[in-house]
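Hi everyone, thanks for coming.

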Amino acid sequence: MKVLIVGDVVGRPGLNKLKEKLDQYMVEEKIDFCIVNGENAANGRGIRVKEYQEILSYGADAITMGNHIYYRKEMTQEYAKLKRLVIPANVTNLVGNGYIVVEKNKRKIAVINLIGKFGMGDMFEKNTSDPFEKIMEILEELKEVDYIFLDFHAEATAEKIAMRLFLEGKISCIYGTHTHVQTADEMIRQGTAYITDVGMTGPLDSVIGLKKEIALKRFIGKERAKYECSENEACFNAIIVEYDDKTKKAVSIKRIYD
Ligand SMILES: [Fe+2]
Ligand SMILES: [Fe+2]
């Protein structure tokens, strides 16, 4: 089985690039299953039903989220209804799927989303349970599946590496999202594929998706300039992981920065 995992899709430039590159890679690489992080799809902040539908229409099988779950107030009533949307399972004040199981071509594939504890902001300090405890609870419920993918949405590289050490040999893939910068540490340990961050499918000439002029005002000046998603050309950041269907172990992991 070959799985394509796409890093945080940011705004219209990211969505356009996603369409172009899924059209290409799904065929060229004979992809069986595709997971996209969509937490920045709606103009850089959160996701709406229309972006959810758009991403699925391009060929994604599951969409994961992250800290942007609070930006779209109207969406808090919708998350639980969207069958292919996964929100962080350890967020305690929102209702939605913390994991989903998708059956495709006779394979049962679980997709989990968790959020880190470090550097994610006040809202998460108060409303997030321990991701390490939460994943053990979820794995107890997932005894009957063939493959398990975890999108660990976290700021701290150390926390993501600790999650790898905690889970290697137990699940199919642990990958980081959220920093929007792809790391070059992809590896396979005990049949588990891992990368600290998949990166961003969004405007390269920006500050992780934010219009660069605004980002500079925020960093250099004292002005709390209003968020605006960059409209510059996007880059496609992803990984492709291949599995042996007999052993269910990862045999290769490849980074894409296109
Ligand atoms: Fe993001
Ligand atoms: Fe994020």
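**A walk through the model**

Let's begin with Lys30, which counts as exposed because it has 9 C-beta neighbours inside 10 Å. The rule here is that a residue is buried if 20 or more other C-beta atoms lie within 10 Å of its own, exposed if 12 or fewer, and partly exposed in between, with C-beta atoms placed from the backbone. Before going on, a word on where this comes from: it's a predicted model, so local features need pLDDT of at least 70 and side-chain atom pairs count only at pLDDT 80 or more, while totals for chains, interfaces and linings use all residues. Residues are numbered from 1 along each chain as its sequence is written, and chains are lettered from A and ligands numbered from 1 in the order in which they are written.

Back to Lys30. You'll find it in the loop between helix 1 (11–28) and strand 3. When I say helix or strand, I mean DSSP runs, numbered from the N terminus: H or I with at least four residues for helices, E with at least two for strands. The phi of Lys30 is near 50°, a positive value in a residue other than glycine. Lys248 also has a positive phi, near 70°, and isn't a glycine either. Lys248 sits in the loop between strand 14 and strand 15 (250–257). Is Lys248 buried, exposed or partly exposed? Partly exposed, because 15 other C-beta atoms lie within 10 Å of it.

One open sheet has 6 strands in the order 5-4-3-1-14-15, with mixed pairing. Strand 5 (85–86) and strand 15 are at the edges with a single partner strand each, so one side of each has no neighbour in the sheet. Two strands pair, by the way, if DSSP finds at least two bridges between them.

Have a look at strand 1 (residues 2–6) in that sheet. Of its 5 residues, 4 are buried. Which way does strand 1 run relative to strand 14 (residues 237–243), parallel or antiparallel? Antiparallel, with 5 bridges joining the two, and Val3 stands opposite Val241 in strand 14. With strand 3 (residues 33–37), strand 1 pairs in the parallel sense over 4 bridges; there, Val6 faces Val36. Further along, 7 bridges join strand 14 to strand 15, and these run antiparallel. In that pair, Ile239 is opposite Arg255 in strand 15.

Gly7 is buried, because it has 32 other C-beta atoms within 10 Å. Among the residues it touches, leaving out those up to four places away in sequence, are Asn37, Thr177, Val198 and Ala238. Touching, or contact, means that the C-beta atoms, placed from the backbone, lie within 7 Å.

On to the other open sheet: 6 strands again, in the order 6-7-8-9-11-10, with mixed pairing. Its edge strands are strand 6 (99–104) and strand 10 (187–189), each pairing on one side only. Strand 8 (residues 147–153) and strand 9 (residues 173–177) pair in the parallel sense over 5 bridges, and His153 stands opposite Thr177 in strand 9.

Helix 4 (residues 131–141) lies across strand 6, strand 7 and strand 8, at about 160° to strand 7. For that angle, axes are lines fitted to C-alpha atoms, for helices over the stretch in contact, and angles run from 0 to 180 degrees between N-to-C directions. Which residues of helix 4 are buried? Pro131, Lys134 and Ile135. Down the axis of helix 4, its buried residues fall within an arc of 100°, so they line one face; the arc is that of the directions from the helix axis to the C-beta atoms. An α-helix has 3.6 residues a turn, so residues three or four places apart point the same way. Glu133, Glu137 and Glu140 are exposed on the other side of helix 4. Its buried residues pack against strand 7, strand 8 and helix 5.

Last stop, the core. The largest nonpolar core has 67 residues, and Ile5, Ile112 and Leu150 have the most contacts inside it. A nonpolar core is a set of buried Ala, Val, Leu, Ile, Met, Phe, Trp, Tyr and Cys residues joined through C-beta atoms within 7 Å. Strand 7 (residues 107–115) gives the largest share of this core, 6 residues.

Methods:
Contact = placed C-beta atoms within 7 Å.
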